[in-house]
Amino acid sequence: MQPSPKPVILTGDRTTGPLHLGHYAGSLKSRVALQDSHRQYLLLADTQALTDNAHDIGRIRRNVLEVATDYLAVGIDPARSTICLQSQLPALAELSMLYLNFVTVARLERNPTIKDEIRARGFGRDIPAGFLCYPAAQAADITAFRATIVPVGEDQAPLIEQTNEIVRRINAAAGRDVLPEATAVIPATGRLPGVDGKAKMSKSGGNAIPLSASPDEIHAAVQAMYTDPGHLRIEDPGQVEGNVVFTYLDAFDPDRNLVAEFKERYRFGGLADSVLKRRLDDVLQALVAPIRTRRAELAKDPGYVLETVRAGTERAHSVTEETKAEITAALGMFRLDPLALAEAGPALLTA
């Protein structure tokens with residue numbers, strides 16, 4: 001018997017800056033774990049980054065290899081996972097344009113993820129068209145690789161729902177199942193807050209711990225974290241929920257029993273914030289140190305990183321072009337080959 005094909009995962013990141021611990025907790029750790037059991041494509045989403053960074057294309061260009069270096073530093077193996085550059089895969093853009101004919105502007109505007117992001121960025125009605133049309137572009141990304149698994153944050157799940165709507169419309173137009181639907185996989189850790197406790201950890205918010213953070217930077221970030229403002233004395237009962245230090249311990253501390261013990265002691269009083277922060281500092285230092293070391297080694301050989309991306313993009317190009325050809329053929333698009341004449345038949349002669 002032939003072995004069953006591995007499930008296909010598509011994931012990736014916008015190339016707007018180096019990655020941070022929020023990315024690690026939310027997806028990078030899982031990507032490393034899944035690369036043996038799945039066929040995994042990691043998309044360096046430089047075209048998507050343009051949707052709200054067209055005023056600073058240099059930033060996007062500079063960070064392509066930065067993000068790729070982060071992938072390699074955390075343990076992504078280019079022999080087992082394909083790292084590829086979005087803007088160098090023309091099938092993605094062509095499928096995006098095709099899919100826009102299978103979705104309405106009203107539906108794009110109703111997408112909860114897009115509505116929230118438009119509000120957060122203060123676009124009002126000055127919405128970049130590329131930003132509004134992002135759900136169709138993401139559908140193109142996912143379907144071009146025939147991905148059936150897409151790891152996303154909970155706030156991104158509506159994008160996968162819209163991808164599946166487009167897939168169903170394509171399949172209906174073709175009269176058969178040309179494309180598979182995808183399943184959103186939401187990580188258990190969820191969205192990691194910034195070290196200031198506000199919203200999520202983000203590069204632009206200045207509240208992130210980068211994967212290349214120095215020991216001093218990690219220590220300073222931990223010391224600046226909020227705990228419970230009502231926990232003024234060691235003996236005071238403390239609040240665990242919403243406490244940023246505990247959120248990070250839940251995300252990164254491998255000793256679950258110790259974290260549970262800390263929570264119990266903190267709730268009843270008798271555990272100092274300094275003890276929690278010292279533990280978190282130790283955990284993060286141990287986590288980041290090997291990543292930082294590996295990243296520094298990779299930074300000495302940017303040619304290797306570039307070649308990794310080039311080779312991965314070449315492999316991805318073949319896959320995405322094949323999918324595009326299958327979709328256009330299934331939809332009955334005109335072809336510039338002798339078969340087109342045979343299919344046109346008498347109609348062409350009498351036109």
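Biologist: How much space lies in the second largest pocket?

Modeller: This is a predicted model, and the figure is computed from its atoms. The lining of the second largest pocket is made up of 18 residues. The space in this pocket comes to about 340 Å³.

Biologist: Which element gives the most to the lining of the second largest pocket?

Modeller: The residues nearest the centre of the pocket are Thr47, Leu92, Ala93, Ser96 and Ala137. Two or more lining residues come from each of α2 (46-49), α4 (90-99), α7 (129-132) and α8 (134-144). With five residues, the element that gives the most is α4.

Biologist: By class, how many residues in that lining are charged?

Modeller: The lining of the second largest pocket has 10 nonpolar residues and seven polar ones. The number of charged residues is one.

Biologist: Where in the chain is confidence lowest?

Modeller: The mean pLDDT of the chain is 91, and 94% of the residues score at least 70. Confidence is highest in strand β3 (residues 81-85), at a mean of 98. At a mean of 53, the lowest confidence belongs to residues 346-350, helix α16.

Biologist: What percentage of the residues in the chain are buried?

Modeller: The chain has 16 helices and five strands, and its C-alpha trace spans about 90 × 50 × 45 Å along the principal axes. Among contacts with a separation of 6 or more, 77% join residues 24 or more positions apart. Of the 351 residues in the chain, the buried share is 46%.

Biologist: Is Val245 buried or exposed?

Modeller: Val245 is part of helix α11 (residues 244-252). Beyond four places in sequence, Val245 is in contact with Met225, Tyr226, Thr227, Leu276, Lys277 and Leu280. Because its relative accessibility is 0%, under the 20% cut-off, Val245 counts as buried.

Biologist: How far apart are the C-alpha atoms of Val245 and Ile142?

Modeller: Val245 and Ile142 are 103 residues apart along the chain.

Biologist: What phi does Arg146 have?

Modeller: Arg146 sits in the loop between α8 and β4 (149-151) and is partly exposed, with a relative accessible area of 25%. Most residues other than glycine have a negative phi. Arg146, although not a glycine, has a positive phi of about 55°.

Biologist: Which residues does Gly270 touch, not counting those up to four places away in sequence?

Modeller: Gly270 is placed in the loop between α12 (256-268) and α13, and at 39% relative accessibility it counts as partly exposed. Its C-alpha atom is separated by 9.1 Å from that of Gly238, 32 residues apart along the chain. The residues that Gly270 touches are Ile234, Glu235 and Arg265.

Biologist: What is the relative accessibility of Gln40?

Modeller: Gln40 belongs to strand β2 (residues 39-45). Not counting residues up to four places away in sequence, Gln40 touches Ile9, Thr11, Arg31, Gln35, Ile76, Ser81 and Thr82. Gln40 counts as buried because its relative accessibility is 2%.

Biologist: What distance separates the C-alpha atoms of Glu297 and Ala73?

Modeller: Glu297 is found in helix α13, and it is partly exposed, with a relative accessible area of 44%. Glu297 and Ala73 are 224 residues apart along the chain. The distance between their C-alpha atoms is 8.9 Å.

Terms used: Residues numbered from 1 in each chain as written. Predicted model: local features only at pLDDT ≥ 70, side-chain atom pairs only at ≥ 80, totals over all residues. Heavy atoms only, no water. 1 Å grid on protein atoms, 1.4 Å probe; cavity = no way out; pocket = protein on both sides within 12 Å on 5 of 7 lines; lining within 4 Å. Points joined across faces, edges and corners; volume = space filled by probe spheres on them. Helix = DSSP H or I, 4+ residues; strand = E, 2+ residues; numbered from the N terminus. Nonpolar A, V, L, I, M, F, W, Y, C, P; charged D, E, K, R; others polar. pLDDT = per-residue confidence, 0-100. Buried < 20%, exposed > 50% of the residue type's maximum accessible area, 1.4 Å probe, protein only. Contact = heavy atoms within 4.5 Å.
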